[in-house]
Amino acid sequence: MSVQEYLDKHLLSRKIEDAVNAAVRAKTPDPVLFISNHMKKAVPSAITKIKARQILDSRGIPTVEVDLYTNKGMYRASVPSGASTGMYEAVEMRDGEKGKYLGKGVSKAVKIINEKISEALIGMDPVLQSQIDQAMMGLDKTENKAELGANAMLAVSIAACKAGAAEKEVPLYKHIADLSGKSNPILPVPAITVISGGKHAGNNLAVQEIMILPVGASNFEEAMQMGCETYQHLKAIILERNGSNGCNVGNDVGFAPNISSIAEGLDLVKEAIDRAGYNGRIKLAIDVAATDFCMGKKYDLDFKTPNKSGQNFKTGEDMLEMYTQLCKEYPIVSIEQPFDKDDWEHTKLFTNLGICQVVGDDLLMSNPKRIERAMHESTCNALLLKVNQVGTVTEAIEVVKQAKNADWGVIISHRSGETEDSFIADLAVGLATGQIKAGAPCHGERLAKYNQLLRIEEELGAEATYSGENWRQP
Ligand code: PGA
Ligand code: ZN
């Protein structure tokens with residue numbers, strides 16, 4: 001090919017002339033930078049390369065990370081993983097090779113991305129999220145993503161979403177809002193974990209988490225200030241009462257003093273809120289994660305206490321009474337997974353009392369069919385959305401829409417095993433869920449989400465709305 005033929009084939013002279021003219025029209029002080037940006041915009045929007053690797057989550061357990069390249073740049077995403085996994089959620093692909101990371105390696109998932117998924121997606125436009133997700137689902141063909149692995153698919157799906165936003169030159173939350181057909185972004189109320197128990201911590205407390213919700217803050221930044229101050233006051237109180245051992249933390253970085261009753265934990269938190277001066281402006285939430293201590297049809301609140309475990313079983317009715325009493329004594333506005341994942345009956349009875357938000361975690365497993373049933377039977381009235389239980393961004397958006405259409409509360413949730421990826425912050429804002437659960441205001445993987453929300457609020461400036469008192473239906 002001659003030089004002239006090459007220039008003609010790529011319409012180079014015309015494109016360069018256009019760029020120079022545009023720079024002159026704009027009278028830009030840095031024409032070279034302007035021209036290079038102008039030219040970049042003319043490049044087709046396409047995925048050019050996908051490279052996955054195994055990294056480690058906040059517990060030192062392997063997880064999947066993806067670098068997705070387009071003509072514009074490289075976009076990185078990684079996936080979280082949790083303690084509660086169930087048969088109704090999308091399958092997390094693990095190697096199962098006992099000699100390596102105790103079977104938890106993800107090299108198979110990495111290989112699937114680098115070979116199968118990459119081959120299918122290269123050349124696709126990252127702006128078209130649902131087409132990308134559909135292409136992966138087409139490759140998988142199973143209902144629970146067992147063939148490719150939900151961890152493999154989600155990492156690619158999130159990376160593509162970030163690339164799509166960059167391609168459109170809009171913030172990630174804005175791109176997500178567009179994908180969902182919703183246009184007003186809202187900063188969520190953070191459900192900040194302050195006390196950890198259950199499977200997340202080594203103390204005797206059966207209940208997994210006590211959270212604080214700064215619903216009375218006027219904006220997200222103030223909500224974090226209130227949350228952080230309360231967290232620090234709580235640390236001082238625990239230090240006084242339980243000694244420095246009490247300040248050890250659980251997976252999601254709540255303090256794990258060696259208390260054995262939920263009321264004891266709530267008292268500590270109530271005092272911390274008092275000391276911080278936020279009485280009335282901070283509400284409480286608990287995640288019971290009751291599936292972890294349900295034996296048959298009974299609940300063992302002493303399941304972690306040596307010599308007491310198995311001796312004081314509670315019935316569903318006992319538990320229901322306990323929650324009703326706790327809601328009278330403390331400003332509790334939300335209780336997550338109060339009964340076993342298959343205890344539809346008691347969950348419904350409790351929801352029907354209308355005392356507080358009742359959140360389905362294991363009950364729903366972010367599974368559309370379980371959500372449908374819970375809606376039909378009025379079993380609970382809020383969804384805890386864990387993106388890795390779903391497997392793609394498109395389906396996560398659909399599930400949130402499903403819940404919102406039924407006037408449910410929606411909480412976008414982290415997992416106990418997290419990474420530095422802050423995607424769920426943008427997801428919560430873009431989908432205007434009104435609530436996010438991302439752990440304590442401590443440790444990088446938790447703060448990655450909260451700090452991103454601070455940045456988003458700053459960027460939105462006067463247009464920023466904090467869900468605050470409207471946390472359930474923003
Ligand atoms: P998990 O816990 O990530 O360990 O499952 C999170 C939650 O129950 O909310
Ligand atoms: Zn939970």
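Strand E8 (residues 298-300) is joined to strand E9 by two bridges, and the two strands run antiparallel. Strands here are DSSP runs (E, at least two residues) numbered from the N terminus, and two strands pair if DSSP finds at least two bridges between them. Within this pair, Tyr299 stands opposite Lys314 in E9. The strands belong to an open sheet of three, in the order E7-E8-E9, with antiparallel pairing. Strand E7 (294-295) and strand E9 (313-314) form the edges, each pairing on one side only.

The model is predicted: local features need pLDDT of at least 70 and side-chain atom pairs pLDDT 80 or more, whereas totals for chains, interfaces and linings use all residues. Residues are numbered from 1 along each chain as its sequence is written, chains are lettered from A and ligands numbered from 1 in the order in which they are written, and side-chain values use heavy atoms, without hydrogens and water.

Polar contacts (pairs of N or O atoms within 3.5 Å) reach oxygen atoms of the ligand from the side chains of His200 at 2.7 Å, Gln208 at 3.0 Å and Lys386 at 3.2 Å. Taken alone, ligand 1 exposes 280 Å², and the protein buries 99% of that (Shrake-Rupley method, 1.4 Å probe).

Methods:
Helix = DSSP H or I, 4+ residues; strand = E, 2+ residues; numbered from the N terminus. Polar contact = N/O pair within 3.5 Å; in protein donor to acceptor, adjacent residues only side chain to side chain.
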